[in-house]
Each structure stands twice: as structure tokens, then as C-alpha cells.
Amino acid sequence: MRPQIQRHVASQDFGSKAIRHPELGELTFDWDSFYGSGDPDQHLTVWSPAPGSPSEEKLRILSSWIQHPATAENATARRRES
């Protein structure tokens, strides 16, 4: 961790967790939690799949299922016109 960031972080935890998606199956994520030195009740947790892992590919598939707001607005407008 860079010194500029380290002075703001009181502690750090890390680990991994597997979750089961109903359609894509198991996804495994590594996580890191950073606890701020100014307020120990606040923390930031970052979840990420291992690069090149099956979980990373499944996450890409999930992100492709998201309908972008502009697309959703266009679909709503088309339904109104029908």
C-alpha cells in the first residue's frame, strides 16, 4: 500500500468468498476491507474475481445482462407508442 494511502488506513482485512448465482452457478471473489483511521466504524470493502478465472467470465456475462438506461427509456417509449 502506498504511504499516502496507508496513513488513512488503520487496518486491513482480506479473504475470499464463494456465492451461488441461480443461473451461472458458483462465483468466487477475493475481498479486501480497509478501515479508516479517522472513524473505525467506516470501512471500504472491494470484491474482485481473480483475473482470467471462470468467475471473471461469469461476471462479464452478468454485466452484459444489464439494460442501459437509454435502452430502457427507448423501450418504454416504444411501448407507449404501441
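Reply: Start with exposure: buried means under 20% relative accessible area, exposed means over 50%, and partly exposed lies in between (1.4 Å probe, protein chains only). This is a predicted model, where local features need pLDDT of at least 70, side-chain atom pairs count only at pLDDT 80 or more, and totals for chains, interfaces and linings use all residues. Residues are numbered from 1 along each chain as its sequence is written, and side-chain values use heavy atoms, with hydrogens and water left out.

Me: Why is Trp 31 called partly exposed?

Reply: Its relative accessible area is 22%. That value lies between 20% and 50%, so Trp 31 is partly exposed.

Me: What makes Trp 47 partly exposed?

Reply: Trp 47 has a relative accessible area of 45%. The limit for exposed is over 50%, and buried needs under 20%, so Trp 47 is partly exposed.

Me: How many aromatic pairs does a search of the whole structure find?

Reply: The search finds 1. Trp 31 and Trp 47 form it.

Me: Why is this pair called tilted?

Reply: Rings of Phe, Tyr and Trp (its six-membered ring) pair if their centres lie within 6.5 Å; planes under 30 degrees apart are stacked, over 60 edge-to-face, the rest tilted. Here the centres are 6.4 Å apart and the planes 40° apart, so the rings pair and the pair is tilted.

Me: Which strands does the pair link?

Reply: Trp 31 sits in strand S2 (residues 25–36) and Trp 47 in strand S3 (residues 43–48), 16 residues apart. Strands (E, at least two residues) and helices (H or I, at least four) are DSSP runs, numbered from the N terminus. The protein chain has 3 helices and 3 strands, in the pattern α-β-β-β-α-α.
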